[in-house]
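Trainee: I would like to go through this model with you. Could we begin with the overall picture and then turn to single residues?
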Amino acid sequence: MPSLLDLTSQGDVGTITDESKLSTVTLMDPQQLYELWERQNWSSHTIDLEQDRRDWLAMDEELREQLSWNLSSFFIGEERVTTQFSGLVMAYESQSEEAFLATQQVDEARHAQHFNRFYEQVLGIDGSFEDRLAKAREDLNPAFIEMFDGVLVDWGKRLIADPADIEAKVDFVTLYHMIIEGTLALTGQWVLTDYMERNSILPGWVEGFKLISQDEHRHVAYGTWFLREKAKDPALKQRIASRLTELIPLAAGVLVPVGADPDDYAILDYTMEETNTFAFNALRRRLKVVGIDMASLAAAA
Ligand SMILES: [Fe+2]
Ligand SMILES: [Fe+2]
């Protein structure tokens, strides 16, 4: 099984193999990440989904149901992270950071567009964008709802109420960039893309998802840069650690398929252990860059 180290991760920390170097690695700053966005721009509406439609129709019902939970979590997730991002754009502290954050919001909108198009053209769900979101919502698990309709929305509102509230900004980036993107989204993207490629199915979806993953690595790179800057203040460093201790159990719940045993489940043909190892190793490595040791978090919990 490939590890995170094998992924293309421009701007992110995934290509660093010597863990002792993580705490001193040079990170791209918001200006460099903005310029990387210009070079990596892409279009969701030109991806060919014809073969995907044929693959979906030929798929057995059980696999379609398993994929529905995964795909719907991404579709709703991308819609949520687009609409709940505005407070962070308002909280910029430099012109370069504002430029980068504006690109991240449009990236998330593009990701939601890719899924909307896939649900319309491949799954054949007619009606409006909103109708397809409503249909996808039927597939979600309770932990997902709590994270994306509860915590994300509440913490986003705190930032909108006062964009200069640095504690609210640190909380939001910890949830959004470290947990939702760096832990959950990149794990799901890796699992799903690997599965589709091994089974030679849904090539248009894979093409779009690889481009989405490239965007997500750029987003996570920003979050890692931001938190490392703020963690120079011991009180904020402690705050990031406390928020992570609160959020990690909820994040583990988001990875459990609907109706599955939370202590013994599989996502497609990946065991719970494989999925969790991938997800939390990626988080642990990024936290090392920020200057936080996940082992001490576990001890404090
Ligand atoms: Fe996204
Ligand atoms: Fe993202």
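Mentor: The discussion below moves from the fold to the metal site and then to individual residues.

Mentor: Two conventions come first. This is a predicted model, in which local features need pLDDT of at least 70, side-chain atom pairs count only at pLDDT 80 or more, and totals for chains, interfaces and linings use all residues. Residues are numbered from 1 along each chain as its sequence is written, chains are lettered from A and ligands numbered from 1 in the order in which they are written, and side-chain values use heavy atoms, with hydrogens and water left out.

Trainee: How many helices and strands are there in the protein chain?
Mentor: The protein chain has twelve helices and two strands. Helices (H or I, at least four residues) and strands (E, at least two) are DSSP runs, numbered from the N terminus.

Trainee: What pattern do they follow along the sequence?
Mentor: The order is α-α-α-α-α-α-α-α-α-α-β-β-α-α. The radius of gyration of the protein chain is 18 Å, close to the 19 Å from the globule rule for 301 residues, so the chain is as compact as a globular protein of that length. That radius is taken over C-alpha atoms, and the rule is 2.2 Å times the number of residues to the power 0.38. Along its principal axes, the C-alpha trace spans about 55 × 40 × 35 Å.

Trainee: What share of the residues counts as buried?
Mentor: Of the 301 residues, 55% count as buried. Buried means under 20% relative accessible area, exposed means over 50%, and partly exposed lies in between (1.4 Å probe, protein chains only).

Trainee: And how about contacts and surface?
Mentor: Among contacts with a separation of 6 or more, 79% come from residues 24 or more positions apart; contact means heavy atoms within 4.5 Å. The accessible surface is about 12800 Å², and carbon and sulfur atoms hold 51% of that area. Accessible areas come from the Shrake-Rupley method with a 1.4 Å probe, and for residues only the protein chains shown count as cover.

Trainee: Changing topic: which residues coordinate the iron ion (ligand 1)?
Mentor: Its donors are Glu78 (OE), Glu78 (OE), Glu108 (OE), His111 (ND1) and Glu216 (OE), at 2.0 to 2.8 Å. Donors are N, O and S atoms within 2.8 Å of the metal (3.2 Å for Na, K and Ca); water is not among the atoms, so sites may look incomplete. Along the chain, the donors of ligand 1 have the spacing E-x29-E-x2-H-x104-E.

Trainee: Where do Glu78 and Glu216 sit?
Mentor: Glu78 is in helix H3 (residues 61-83) and Glu216 is in helix H9 (residues 203-230), so the pair, 138 residues apart, links distant parts of the chain. Both Glu78 and Glu216 are buried.

Trainee: Which residue bridges the iron ion (ligand 1) and the iron ion (ligand 2)?
Mentor: Glu108 does, and the two ions lie 3.4 Å apart.

Trainee: Now Arg132: is it buried or exposed?
Mentor: Arg132 is buried, with a relative accessible area of 4%. Arg132 belongs to helix H6 (residues 129-137). Apart from residues up to four places away in sequence, Arg132 touches Phe75, Asn116, Tyr119, Glu120, Ile125, Asp126 and Gly127.

Trainee: Which residues is Asn276 in contact with?
Mentor: Leaving aside neighbours within four places in sequence, they are Leu255, Tyr265 and Asn281. Asn276 is in helix H11 (residues 272-290) and counts as buried at 18% relative accessibility.

Trainee: What is the phi of Leu202?
Mentor: Leu202 has a positive phi of about 50 degrees, although it is not a glycine. Most residues other than glycine have a negative phi. Leu202 is in the loop between helix H8 (166-198) and H9, and counts as buried at 0% relative accessibility.

Trainee: And Leu268?
Mentor: Leu268 also has a positive phi, near 55 degrees. Leu268 is in the loop between E1 and strand E2 (270-271) and counts as buried at 12% relative accessibility.

Trainee: Lastly, is Pro249 buried or exposed?
Mentor: Pro249 is exposed, with a relative accessible area of 55%, and lies in helix H10 (residues 234-254). Asp264 is exposed too, at 59%, in the loop between H10 and strand E1 (266-267).
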